[in-house]
Each structure stands twice: as C-alpha cells, then as structure tokens.
Amino acid sequence: MTLGFIVIGGFILLMLLGVPVTMAIGAGSIAGLYFAGFGEMSMVVPQQILDGAAKPALLAIPFFILAGNLMNTIGLTDRIFNLCLAVIGHLRAGLAYVNVIASLLFAGVSGAATADIAGLGQLEVKAMRARGYSPEFAAALTVATSLVGPIVPPSISLIVYAWLANESVARLFLAGVVPGILVALSFIVYIRVVSTWTPMPREPRATPRQIGRAAVEGLPALVAPGIILGAIVFGFATATEAGVIACGYSILIGLFYRTLSFKGVWGALVESAVLSSLIMMIIGFSQIMGWLFAFEQVPQAFASGILDAINQRWVFLAFTIVLLVVIGCFMEASPAKIILLPLLLPVADAFGIDRVQFGMIITLALLLGIATPPLGVGLYLMSAVSGVRFEKLAIAILPLMIPPVLVLILIAAFPQITLWLPDLVMGPQ
C-alpha cells in the first residue's frame with residue numbers, strides 16, 4: 001500500500017501545485033516506478049502509455065466528441081431549443097423547463113456536459129435573461145442540467161468506464177436512459193416547487209403551424225439518439241462505428257440545412273483533436289499507474305482493508321458516494337475514475353454490486369464536481385459564456401445540486417433503476 005500512497009499522494013500534491021493533470025499522473029507514476037525498484041526499466045513507460053491509449057474500444061471517444069462539436073457547428077442546438085420552446089414554453093416557468101428538456105435531448109447527440117454548456121448555454125441564458133429570469137439562476141440552471149449529458153447515451157464517460165471495468169458499452173448506454181430521465185424530472189419538480197414563490201414568466205403559446213415547423217426542424221435531433229443507441233444495442237455497429245455514424249449523420253444534417261461550412265468543420269476537427277488528445281494522454285499515463293498497482297497488488301490490499309473496516313453493502317456505497325463527490329470537487333472525472341476504479345471495483349464485486357449499477361453511481365457522483373467549486377469546470381465555462389461572476393454562480397447552483405444528489409441516492413438504493421432496461425432489452429447477465 002506504500003506504493004499506492006506515494007503514487008496517488010504525488011499526483012494530488014502536483015495537482016495542488018497547479019501541474020496539468022496529464023503531467024501530474026505521469027510524474028506520480030514514474031516516481032512510483034523508481035520507488036518500486038524499477039528505475040532501470042524506464043523503457044516500460046512509453047510502452048505502457050501506448051498500450052493504454054491504443055485500445056480499439058477507446059476509438060469511439062474522439063468520434064463522439066467530433067459528433068457533438070459538429071452538432072454545435074451546424075446549429076442543431078438552436079433547433080432543439082426552438083422545438084422545446086414551441087411545445088412547453090407557454091407553461092409557467094416555461095423557459096426553465098425548456099432548459100431542462102433541451103439539455104436532455106442534446107445529451108442524446110453530444111455525450112458531454114461541457115458540449116451542452118458550450119452549445120446551449122449562451123442561447124438559454126440569453127433567452128432567460130431577456131424574459132426576466134435572474135442571470136445567476138439562468139446560468140446555474142444551465143450548468144446543473146448539463147449533468148444529464150454524460151449519463152444519457154451516447155456518453156463518453158460511460159465508454160471510459162466500460163473500458164476500465166471490462167463491461168458492455170451497450171448495457172451501460174441502456175442503463176443510463178432511466179437515470180438520465182430521472183435527473184431531468186427531478187429538475188422539473190424543483191423548478192415547479194420554486195416557481196410557487198418565485199415569479200417566473202410564461203411564453204406566448206405557439207400556434208399549431210409554429211409547433212409543426214419546429215418539430216420538422218428539430219426532428220433530426222430526436223432521431224439521432226435512437227440511431228446511435230439502436231445500432232449498438234442490436235448489433236448493427238460497435239460503439240466506434242456508431243461514433244462514425246453519428247459524425248456522418250451530423251454532416252448530412254448540416255448539408256440538408258445548408259449550415260455546414262469548411263470553417264465550421266475545421267473548427268470542430270481542431271477542438272475535437274485537442275480534447276481527444278487530452279483524454280488519451282490521461283489514459284496513457286494512467287496505464288503506468290495501473291501496471292504498478294497490479295504488480296504490487298495495491299487493489300487487493302485496498303479491498304482487504306476496506307472489507308475489514310466495512311462489512312455492510314450500504315455503508316460501502318455511502319462511503320463511495322461521499323468519497324467520489326469530494327474528489328470530484330478537486331479532480332476531473334476521467335483521471336479520478338481511472339485512478340479510483342481499480343481500487344473500488346474489487347470491493348464492489350465482493351459486496352455483489354452489479355458493475356453496471358456501480359458505473360452509474362461513479363459517473364453521477366463524479367459529475368457533481370463539474371458544478372462544484374473549487375474545480376467546477378462547468379462553472380468556469382458558464383461564467384465565461386454568460387458573464388456571470390464565478391462566485392455568484394457557485395452560490396446560485398448550490399440548491400440546484402439537491403435534485404441530482406437525491407437521484408444518486410435512489411440509484412444506489414434501488415439497483416433496478418439502472419438494470420431494468422438493460423435486462424429487458426439484452427437479458428439478465
């Protein structure tokens with residue numbers, strides 16, 4: 001376990017000193033390599049990095065990132081927003097409901113919370129501010145509802161988990177449908193309750209013709225998740241091939257609407273390449289850490305220590321949720337998952353927790369960090385997009401964390417919330 005403390009402790013220390021996460025993981029792992037007496041085997045470092053990143057299952061990540069960026073480029077976010085506005089905008093707090101439903105629909109084509117904030121954020125906040133909503137509430141609600149993105153398929157976060165846990169991508173994608181809808185419904189209930197004492201305006205009711213036009217323009221966004229998920233679940237395509245299909249689908253929509261441009265495609269490619277490279281570097285460097293942990297049997301020692309201290313399943317789940325929520329406040333989800341999963345999975349297996357359910361718990365718990373200081377990537381991004389000061393945004397979002405936390409507790413307490421749909425479509429494991 002000493003090796004584990006050195007590697008993880010070194011990584012955390014470097015993170016606190018402001019070292020980029022990729023370099024912090026690499027430096028901590030190399031320090032562990034020398035501590036374990038493998039200094040003369042330094043040639044193993046590039047081998048492990050390449051071995052970690054060169055996994056066919058991970059090839060889906062850059063394609064889904066590119067698909068989300070292409071959707072933003074061709075203006076599909078505007079059409080999703082207009083469709084939701086036409087259908088439910090006339091209700092009290094209609095724009096707040098539109099914010100939630102639009103995030104749920106966009107999640108089905110982007111798979112990332114930051115893509116939701118970048119794509120829908122400015123549009124939603126601008127519209128809500130123009131109708132009299134406070135800037136802080138509009139910005140905070142947009143960040144909070146973006147948490148749906150990494151849960152609803154296709155999810156980049158779930159692809160990473162599937163690779164780490166050796167679990168089916170199709171089962172995880174199906175498992176994310178019900179929790180994603182529950183998170184969206186929890187926000188709707190929250191808005192309904194808050195609107196009883198906070199003035200929230202209605203929008204003019206759309207005419208049938210306006211609704212029909214918005215439906216036709218927004219139909220591609222509604223069809224995309226079904227195409228992607230259906231192709232994977234029914235065996236027509238792997239996750240990687242589904243990512244390629246999503247990219248091709250985005251380009252076809254852009255050509256149909258005549259909103260596709262060379263400049264837009266080039267920008268989407270560049271942004272996708274940068275983000276994909278960052279994720280692959282994190283995965284590559286973490287492979288060294290995983291190799292060291294496996295060689296020194298750190299996960300087994302950690303699992304033994306946890307099982308000696310905790311003898312009940314619900315206590316372990318509560319411990320895991322608290323641990324991940326706290327870590328998510330200081331560390332991005334991908335490196336946190338890569339570091340902690342090899343340690344937590346053996347304990348989860350020992351308690352008989354289904355890996356699909358455990359994946360949803362880990363994903364949602366770490367997601368809360370996107371909207372929580374001090375790291376709060378979503379808060380920083382929204383602050384830049386909306387012009388709302390970070391401090392005010394961080395305070396405004398605190399009550400909006402109640403709905404996803406309640407859903408997280410439900411997912412941990414009732415396994416069938418996540419397992420019902422995968423078992424129904426693909427059969428029990």
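Figure 1. The model shown here and in the following views is predicted. The side chain of Asp423 meets that of Arg171 in a salt bridge, with an N to O distance of 2.6 Å. The pair links distant parts of the chain, 252 residues apart: Arg171 belongs to helix H10 (residues 169–175) and Asp423 to helix H22 (residues 416–426). Side chains of opposite charge can pair when their charged atoms come close.

**Figure 2. Salt bridge between Arg355 and Asp349.** The structure holds 3 salt bridges in total, and one of them joins the side chains of Arg355 and Asp349 at 2.5 Å, N to O. Arg355 is partly exposed, its relative accessibility being 26%. Asp349 is likewise partly exposed, with a relative accessibility of 36%.

**Figure 3. Salt bridge between Arg389 and Glu391.** In this pair, the closest N and O atoms of Arg389 and Glu391 are 2.9 Å apart. Arg389 is exposed, with a relative accessible area of 53%; it falls in this class because the exposed category begins over 50%. Glu391 counts as partly exposed, at 43% relative accessibility.

**Figure 4. Crossing of helices H11 and H22.** The axes of helix H11 (residues 177–194) and H22 come within 7 Å of each other and cross at roughly 135°. The two helices are therefore oblique to each other. On the H11 side, the contact is made by Val177, Val178, Pro179 and Leu182. The residues contributed by H22 are Ile417, Thr418, Trp420 and Leu421. Helix H22 also carries Asp423, the partner of Arg171 from helix H10.

**Figure 5. Buried side of helix H19.** Helix H19 spans residues 377–386, and its buried residues are Gly378, Leu379, Met382, Ser383 and Ser386. These residues lie on the same side of H19, because they cover an arc of only 135° around the axis. An α-helix has 3.6 residues a turn, so residues three or four places apart point the same way. Gly387 follows H19 and has a positive phi, near 85°.

Figure 6. Thr363 is located in helix H18 (residues 355–367). The residue is buried, with a relative accessible area of 2%. Its side chain reaches the backbone oxygen of Gly359 at a distance of 2.7 Å. When neighbours within four places in sequence are left aside, Thr363 is in contact with Pro150, Ser157, Leu158 and Lys337.

**Figure 7. Val7 in helix H1.** Val7 has its place in helix H1, which comprises residues 2–16. The residue is buried, and its relative accessible area is 0%. Ala27 is 20 residues away from Val7 along the chain, and the C-alpha atoms of the two residues are separated by 8.6 Å.

Terms used:
Residues numbered from 1 in each chain as written. Predicted model: local features only at pLDDT ≥ 70, side-chain atom pairs only at ≥ 80, totals over all residues. Heavy atoms only, no water. Helix = DSSP H or I, 4+ residues; strand = E, 2+ residues; numbered from the N terminus. Buried < 20%, exposed > 50% of the residue type's maximum accessible area, 1.4 Å probe, protein only. Polar contact = N/O pair within 3.5 Å; in protein donor to acceptor, adjacent residues only side chain to side chain. Contact = heavy atoms within 4.5 Å. Salt bridge = Lys/Arg side-chain N within 4 Å of Asp/Glu carboxyl O. Arc of directions from axis to C-beta. Axes fitted to C-alpha atoms, helices over the stretch in contact; angles between N-to-C directions. Parallel < 35°, antiparallel > 145°, perpendicular 65-115°, else oblique.
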